[in-house]
Amino acid sequence: MQKISVVRIFMTLALILTSLNLVAKDAEKVEKEGNEDLKSKIEAYRDHHLQDSHDFTFFSDEETGKHYGFPLPIILWDNGLKVFSSSKFHHGETVAEVDGNYYKLYHSKIYKTDAEGTINYDEDHHPTNAKPLDFSITKNVVSMLFIASLMFFMFRSLAKSYKKNNGIPTGVGRFLEPLVLFVRDEIAIPNIGEKKYKKYMSFLLTIFFFVWFLNLLGMTPVGVNVTGNIAVTFGLALLTFLITNFTANKNYWGHIFWMPGVPTFMKIVLAPIELLGVIIKPFSLMIRLYANMTAGHIVIMSIIGLIFLAKHWLGSPLSFGLAFALSILELLVAALQAYIFTMLSALYFGMANEEAHH
Amino acid sequence: MEKLINDFSFGLFFWQILLFVGLVLLLRKFAWKPILDSVNNREEGIKNALESAEAARKEMQNLQADNERILNEARAERDGMLKEARQLKENIITEAKTEAQTEADKIVAQAQATIESEKKAAIADLKSQVAGLSVEIAEKVVRRELADKDKQLALVESMLGDVTLN
């Protein structure tokens, strides 16, 4: 009985859908042009979201042209330090004049221009204007500052709770301690070894929580994309690279330049390959985190954009459901990428510290 | 690749490195070191506690075994002592019995001896009394007899005859 009634409901639904579809077909033509416009707007919004920004905008009202958020300090090095508020750019709409120099915000980058804000392009449509060194406290820097202070207070309180509570964590520490132990027991010790893992723990713990929290922050509606920024992942990977090579022992370098146990000819062939590997390893770290986070953001934003583009009444709930499911997946990815980054860093440290065993 | 390089912002990289290295150093001093030390201490503590519990358990077992042994020893000793006491008691009783027997015998013998001597004394007394009585009787008889001369002679005669017969 139950089965039949379910089937009947589906049949009725399908009938209603097709009839609605017919009605919608007529309206489609009219909306098509407006749709194209919306599509490009969503794309622009998405691209803008993926990039760093010189002000912190939560949302904007298109009709009145108002932006809700707060400006951030701009710090430029252009024959002297220039510090001013990003409100001078009016979200890229106007030219900022500082000490007789004119600057314009174009595609999230600051260019030096004349008073009118003209930007000259080369044949590839790249601006040819001079770019001053930009040390601005951008949205990503603010996000990192926020996460850094959050981490500091959280782990400081965990550290303090041990003293207060006779070696047993309280409050948020009960959640954090297993994670710290996870990094130690599942990442550091198996990859680096019982003897040497201690000196890498600070870096591994910091990078694990830093990347994870930043990934999670990227999933909030605040709309930042720090770990999907190549400069950030480059910085993190560079640190892994430097630590690996500066703490490496003789055995590690021996395996790179003069691989033991192979003929001399092969040693010569292997040396450049191994040397390349030294750079490729952190490079893959950088690209992996960047690409994963960027892809996640693009997919979710595109599907959210679909909600607005959907013509059919079923489209929006479907897109919403999809976005919801993907967001859950992204939550997993956020933790997974932090884990992978930390895990591979630990693996590289372990390689650099491997003792000869022949 | 070109897009990546174009996206690369040196300022962001600079701040990122600065912030991250600062964070690592700060957290190392204020968080990671105390946290890991505390956790290590706690783990050491748990390990030690388990080990000492195990040691205590073993000691307890040893103690129990010791107790058992001591108890057994005590029991054996008690049994021995009881046995000894019983033997002693029996010895004492038998000794006392024999002693009593000999004493009794002695007393009986003494009593018999006394009885004998008493009997003898009584007999002697009886004899002397009988003798006195007979002398008295004899005196009286003689006094009467002697009043008659013939009778006196006949008496002497018969007496003499008796003496020889004795």
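How near do the axes of H3(A) and H8(A) come, and at what angle do they cross? Their axes come within 7 Å and cross at roughly 30°. This is a predicted model, in which local features need pLDDT of at least 70 and side-chain atom pairs count only at pLDDT 80 or more, while totals for chains, interfaces and linings use all residues. Residues are numbered from 1 along each chain as its sequence is written, and chains are lettered from A and ligands numbered from 1 in the order in which they are written.

**View 1. H3(A) crosses H8(A).** Axes here are lines fitted to C-alpha atoms over the stretch in contact, with angles from 0 to 180 degrees between N-to-C directions. The two helices are therefore roughly parallel to each other (angles under 35 degrees count as such). Their crossing is right-handed, meaning that the near helix is turned clockwise from the far one by less than a right angle. H3(A) brings Val183(A), Ile187(A), Ala188(A), Asn191(A) and Ile192(A) to the contact, and H8(A) brings residues including Thr342(A), Ala346(A) and Phe349(A). Two residues are in contact if their C-beta atoms, placed from the backbone, lie within 7 Å.

**View 2. Helix H8 of chain A covers residues 315–352.** Helices (H or I, at least four residues) and strands (E, at least two) are DSSP runs, numbered from the N terminus. At 1.5 Å a residue, the 38 residues of H8(A) should span 56 Å, and its end C-alpha atoms are 53 Å apart, which agrees; the expected span is 1.5 Å times one less than the number of residues. Among its buried residues are Ala334(A), Phe341(A) and Tyr348(A) (buried: 20 or more other C-beta atoms within 10 Å of the residue's own, placed from the backbone). The cover over the buried residues of H8(A) includes H3, H4, H5, H6 and H7 of chain A.

**View 3. Ser53(A) sits in the loop between helix H1 and strand E1 of chain A.** Ser53(A) is buried, with 23 other C-beta atoms within 10 Å. Leaving out residues up to four places away in sequence, Ser53(A) touches Ser108(A), Thr138(A) and Lys139(A).

**View 4. Chain A meets chain B.** Here 35 residues of chain A are in contact with 29 residues of chain B. H2(A) gives the largest share of the chain A side, 12 residues.

Terms used: Buried ≥ 20, exposed ≤ 12 C-beta atoms within 10 Å, placed from the backbone. Parallel < 35°, antiparallel > 145°, perpendicular 65-115°, else oblique.
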